[in-house]
Amino acid sequence: MSRIEAVHARRIWDSRGRPTVEVDIVTEAGARGRGIAPAGASRGSREAMELRDGGAAFDGKDVMTAIAGIGREIAPALSGFDVSEQAAIDAMLITLDGTADKSRLGGNALIATSLAVLHAAAHEAGLPLWRYVAGDEAVRLPLPQIQIFGGGAHAERRVDVQDFMVIATSATSFAQALEMTAEVYLHAGKLMRKRGVAQGVADEGGWWPAFSSNEEAMDVLVASIEAAGFVPGVDVGIALDIAASEFGKGGQYTLGLDNARLDTDAMIEKLLRWIERYPIVSIEDPLSEDDEAGMIAFTRAAGSKVQIVGDDFLVTNAALIEAAASKGACNAALIKLNQAGTVTETLAALRAAKAHGYASIVSARSGETEDVAIVHLATGWNAGQLKVGSFARSERMAKWNEGIRIEDGGERPAGFACASVLARR
Ligand code: PGA
Ligand code: ZN
């Protein structure tokens, strides 16, 4: 492969209309790669830091400092590297930034650059991204987790729980999982209109959660699955992202809708009742990022029945995943590229999860773009699962549609990761 010849960064806009970083790379052989940074709203405190300008413009969220850093420091440092040297390039980026949290050059600048390098290398190899990262491994399309109702920080805290999602557990192909979800999403919308509470969609495209309790949202979700002609818990299961760090700290949880303040034990009790009552197959961030004891206790109590996913709790960090595994906290890891800050660190986190028998779910952020790289990475890295938000808005649909193209392409993956990839232990 050839050397990196040109690096160019620009400001583009994400799905919330906020500035974000895009990087284009061209190699000596003329291959091109483009990386785009996504952005979270319910961020873990141990994630790689985004570099934002502050000040009055765009609510302080501009990224011109990050873009200037790419031109001034990252571009010159990249010249001379062969585009295939992803690990060496990512190690250089980490050293160049020089901070533990990537705050000097910005996790947003680093991940956009790192992804652009990966894309350019795949392009130069003449391969689709998923095939380039898969190498010789036989890989499968991921099982999707798809949001039906938004909530939490993505819907003005209208309900406490952030994502009410479905997993098409009886689907035998990626395309079929989407067909089933399309029916559930459609019927959920009809039910909302019938109840007179249809109020558009939340940040990731799920129906706006006009409910008076978290349980009501799950009742309507079960009714939507049935209305779509599926058996809840057999054909379609429920996945929740509690995103508990948004309303819990120091072992105290304040549920706005239920007007209740719960300690860790009471929060766990509540979640266990939900698992008894609803066909839940996966729960993400059930306790807050600082509640390790709670996470261990909950995994002990529920880990044999449901998948327990660490997002804010594990922040796509191999060391944190290894520590959690040694203590028995969670049984699955959410994998977000911009939490780690480089492709190589993301892959290390995924490998740590697999090495410890954890399931892995490659995930988008609530602030997204038309970029579909994560679908290729979830497939090529054989992650098993993919979470992208809901079944509406093109920054989400672009990704689901890309999965259909990969499944339908001339050169396709070895198959589809069925519900057996869901962690239970
Ligand atoms: P975020 O939320 O992208 O707003 O952080 C997504 C998630 O919590 O999974
Ligand atoms: Zn989450």
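**Exercise 1. Describe the shell around ligand 1 by residue class and by domain.**

By class, two nonpolar, five polar and seven charged residues make up the shell around ligand 1, where Ala, Val, Leu, Ile, Met, Phe, Trp, Tyr, Cys and Pro count as nonpolar, Asp, Glu, Lys and Arg as charged, and the others, Gly among them, as polar. The model is a predicted one, in which local features need pLDDT of at least 70 and side-chain atom pairs count only at pLDDT 80 or more, while totals for chains, interfaces and linings use all residues. Residues are numbered from 1 along each chain as its sequence is written, chains are lettered from A and ligands numbered from 1 in the order in which they are written, and side-chain values use heavy atoms, with hydrogens and water left out.

Next, 14 residues surround ligand 1 (a heavy atom within 4 Å of it), and the closest are Ala-41, His-154, Arg-365, Ser-366 and Lys-387. Finally, domain 1 (4-126) and domain 2 (140-421), whose bounds come from an automatic or database domain assignment, each supply at least three residues of this shell.

**Exercise 2. State how domain 1 and domain 2 are placed.**

Their C-alpha centres lie 27 Å apart, and 30 residues of domain 1 are in contact (heavy atoms within 4.5 Å) with 30 residues of domain 2.
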